[in-house]
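Visitor: I have the model on screen. Could you walk me through its charged pairs?

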Amino acid sequence: MFGTVRANRKALSPEERKRYDGAYCGLCRELGAKAGALGRSCLSYDMTFLSMLLSSLYNLDEQQENCVCRVRPISHPFIANEALSYCADMNITLAYYQALDDWKDDRKKSAKQKSEALAKHLPEIAEKWPRQCRVIKEKLKSLSEMEKANELNPDLPMNCFGELLGELFMWREQGPDVRDHAPALKAMGAALGRFIYLLDACNDLKRDIKKQRYNPLVVQRREEFTPLLTMMMAECTAAFDKLPINRDSGILRNVLYSGVWQSYRHPSGKKKAEA
Amino acid sequence: MEDPYSILGISPGVSDEELTQAYRRLAKKYHPDINPGNKNAELKMREINAAYEQIKKQKSGGVNYEQTDGSYGKQSQNQSGGYRGENPGDQGPFSGGFNFWFGDFGDFFGEDREQGTPEINQARALVEGGRYRDALLVLSRLPNHTGEWFFYSALANAGTGNRVTAISHAREAVRIEPGNMQYRSLLNQFERNSFAYREAGEGRGFSMRNLGSSIFRIILAQLFCLFCCRPC
């Protein structure tokens, strides 16, 4: 589930690359401030994208500073703002459920420890973002029920995950422009969620069949995967185009038109790298 | 059709888990992905899918379309914040979904209104009235899946936000009746959006070659169909 929504670095300009890395480092710092090294270990590109989208949409002020960290020991700039703080909270929450899932599926000890350690941070986050946290919990529960029932209609789990992500995209509750943007944000998040779910199912299909695990695409025709995925992204970008995006639109479009396809393994078997 | 239980190699009265396990065991053996190019395996897998579906249907007492709104099983309470509308499974009152997929909805209802069976006419009326879930329920009771059935099922599924099913049923309608322009234009609506996405990406300097080729092939195939007027 993690890491799909990322930029295609080769197609970014040097300035864009700097901005993108700055947001990524900013998210990492937020995660560190909230949950230490454990938090940093949850860092994902997906939430970097969301933070840039929200920050651009609401024209947020940004603090830019330089930092030195263990991963990049040379001084480099990072961005800080409220959107990044929100995205770090969501990142921790999702990473918690992911770890829980890994423990249940694979019985990995490390996953169990991680979920237990992350669980400590959840009450605080849930207090700040009750709507989002409730929906995440609800939808993931529905997803695991579908998995258990071996639901072979892919629309059901896809929509479920779409609703989850759509809810996350709707960050703010109040403000004059909030109600105007909510529908497009939700539609965009939902479409992206459906895409991510479908992409994961496509990529894992062969492995899941071999391991006799749940996969919602087991009865679908393989040659339709690419057109279906394309349609999901078409819907996502149609919603995106309704939003007044002020800055970083090149980076955001890079992700939506090119970056998201980087992890797609084409049905023909060969892995498709960049577009 | 052969007894679905013997196809799956289980006895009637197995638990849901055992049923799923039996299905997955057979999928591991016969799925086309595991046996590329093996026609026998493909046929066998189709048989297994049908048998599995039939048993599931029997177990749940018919197709349960109540679940298509994304809420699942017993969990009927669905509160996902204040932006939810009466059109479950889609984006609520702000729904860009349906319009996005279909453009002007009225285009799909031709003049030949009173030609279908009473059930099909009922499903058509429900779809026109925006009662997609009810339409699906009516359709699910029909044993005969004609081109018309797939067409209205595609519309109703799209209305409830079931995109994958909608597209595959639209495609099936065209496959059954390749000469029907109404069905074809529905499928084209779907694919038009993908073209727009691809073109916008290319316009911004991204190479969309990898996605383009397969979509393009479908469109080409359709163009050919237009002239050959045979199921392809």
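Visitor: Are A:E167 and A:K186 buried or exposed?
Guide: This is a predicted model. Buried here means under 20% relative accessible area. A:E167 and A:K186 are both buried.

Visitor: Which salt bridges that share partners form one network?
Guide: This network takes in residues of chain A and chain B. Its members are A:R221, A:E223, A:E224, B:R171 and B:E191.

Visitor: How far apart in sequence are the parts that A:E167 and A:K186 tie together?
Guide: Their side chains meet in a salt bridge, 3.6 Å from N to O. A:E167 lies in helix 7 of chain A and A:K186 in helix 8, so the pair ties together parts separated in sequence by 19 residues.

Visitor: Which helix holds both A:R134 and A:E138?
Guide: The two form a salt bridge at 3.6 Å. A:R134 is partly exposed, at 34%, whereas A:E138 is buried, at 15%. They sit 4 residues apart, about one turn, in chain A's helix 6.

Visitor: What does the side chain of A:D46 reach?
Guide: A:D46 is buried yet has no salt bridge. The nearest side chain of opposite charge, A:R6, is 7.0 Å away. At 2.4 Å, the A:D46 side chain reaches the backbone nitrogen of A:G3.

How values were computed:
Residues are numbered from 1 along each chain as its sequence is written. Chains are lettered from A and ligands numbered from 1 in the order in which they are written. This is a predicted model: local features need pLDDT of at least 70, side-chain atom pairs count only at pLDDT 80 or more; totals for chains, interfaces and linings use all residues. Side-chain values use heavy atoms; hydrogens and water are left out. Buried means under 20% relative accessible area, exposed over 50%, partly exposed in between (1.4 Å probe, protein chains only). Lys and Arg count as positive and Asp and Glu as negative; His and the chain ends are not counted. A salt bridge is a side-chain nitrogen of Lys or Arg within 4 Å of a carboxyl oxygen of Asp or Glu. A polar contact is a pair of N or O atoms within 3.5 Å; within protein, one must be able to donate a hydrogen and the other to accept it, and residues adjacent in sequence count only if both atoms are side-chain atoms. Helices (H or I, at least four residues) and strands (E, at least two) are DSSP runs, numbered from the N terminus.
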